[in-house]
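Open the model in a viewer and keep the selection panel at hand. The tour below goes from one selection to the next and says what is found at each stop.

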Amino acid sequence: MKSDLFNLISNYNSPEQGLLINTNVELYVEKLLNNSTILAYYTRGIKGFIAFYNNDKANKEAFLSMLLIDESLRGKGIGPLLLEQSIRILKNQGFKNYKLEVLSTNLNAISLYKKYGFKFTESKEEFSIMQKVL
């Protein structure tokens, strides 16, 4: 799983691709594997995944760290499927808020998040913060 995540993220890690990881990708993948919940879509390796942190049980806040689908499978409903699954898991665990940070230029992602009830809460530099009340 580690190498699949690394390769997928590395292939899309640019603002033009809608993704920007400002740290070492290998360290980022380690952090995801050690601290987040990951739901993956497999077809000869990972072709898409969602990673979210559901460890702030005191405040009942979760954070969507990344939703990434390989370009060859975009538009086939995999992103919405993974997002829906994460929302269902968080609701079942009693979380009340689901937050995320998205590149302000990633209009496809913003459109998806709005469709699922995420609303803008703030903007900082090139990113926007969105939140959904669960």
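In which helix does Glu 26 lie? Glu 26 lies in helix H2. This is a predicted model, in which local features need pLDDT of at least 70 and side-chain atom pairs count only at pLDDT 80 or more, while totals for chains, interfaces and linings use all residues. Residues are numbered from 1 along each chain as its sequence is written, and side-chain values use heavy atoms, with hydrogens and water left out.

**Stop 1: Glu 26**

Select Glu 26, which is partly exposed at a relative accessible area of 43%. Here buried means under 20% relative accessible area, exposed over 50%, and partly exposed in between (1.4 Å probe, protein chains only). Apart from neighbours within four places in sequence, Glu 26 is in contact with Lys 2 and Phe 6; contact means heavy atoms within 4.5 Å.

**Stop 2: helices H1 and H2**

Select residues 2-12 for helix H1 and residues 25-35 for helix H2. Helices (H or I, at least four residues) and strands (E, at least two) are DSSP runs, numbered from the N terminus. The axes of H1 and H2 come within 10 Å and cross at roughly 130 degrees. That makes H1 oblique to H2: angles under 35 degrees count as roughly parallel, over 145 as roughly antiparallel, 65 to 115 as roughly perpendicular, and the rest as oblique. Axes are lines fitted to C-alpha atoms, for helices over the stretch in contact, and angles run from 0 to 180 degrees between N-to-C directions.

The crossing of H1 past H2 is right-handed. A crossing is right-handed if the near helix is turned clockwise from the far one by less than a right angle, and left-handed if anticlockwise. To see where the helices meet, show Lys 2, Leu 5, Phe 6, Ile 9 and Ser 10 in H1. Their counterparts in H2 include Val 25, Glu 26, Tyr 28 and Val 29.

Both helices lie across S1, S2 and S3, with H1 running at about 100 degrees to S2 and H2 at about 60 degrees to S2.

**Stop 3: the sheet**

Select the strands next. How many strands form the open sheet, and in what order? Six strands form it, in the order S1-S2-S3-S4-S6-S5, and the pairing is mixed. Strands S1 (37-42) and S5 (119-124) stand at the edges with a single partner strand each, so one side of each has no neighbour in the sheet. From one strand to the next, the twist averages 20 degrees. Two strands pair if DSSP finds at least two bridges between them.

**Stop 4**

Zoom in on S1 and on S2 (residues 46-56), which run antiparallel and are joined by six bridges. Tyr 42 has Ile 46 in S2 as its bridge partner, and Ala 40 has Phe 49. The hairpin of S1 and S2 has three residues between the strands. Pick Arg 44 in that loop. Arg 44 is not a glycine, yet has a positive phi of about 55 degrees. At 84% relative accessibility, Arg 44 counts as exposed.

**Stop 5**

Move to S5 and S6 (127-133), a strand that is mostly covered, with six of its seven residues buried. S6 pairs in the antiparallel sense with S5 over five bridges, and with strand S4 (residues 97-103) over seven bridges. Select Ser 128 in S6: Ser 128 is the bridge partner of Ser 123 and also of Val 102.

S5 and S6 form a hairpin with two residues between them. Glu 125 in the turn has a positive phi of about 50 degrees. Is Glu 125 buried or exposed? Glu 125 counts as exposed, at 84% relative accessibility.

**Stop 6: Ser 86**

Finish at Ser 86 in helix H3 (residues 78-92). Ser 86 counts as buried, at 0% relative accessibility. Leaving aside neighbours within four places in sequence, Ser 86 is in contact with Leu 39, Ile 50, Phe 52 and Tyr 98. With Tyr 98, the side chain of Ser 86 makes a side-chain polar contact of 2.9 Å. A polar contact is a pair of N or O atoms within 3.5 Å; within protein, one must be able to donate a hydrogen and the other to accept it, and residues adjacent in sequence count only if both atoms are side-chain atoms.
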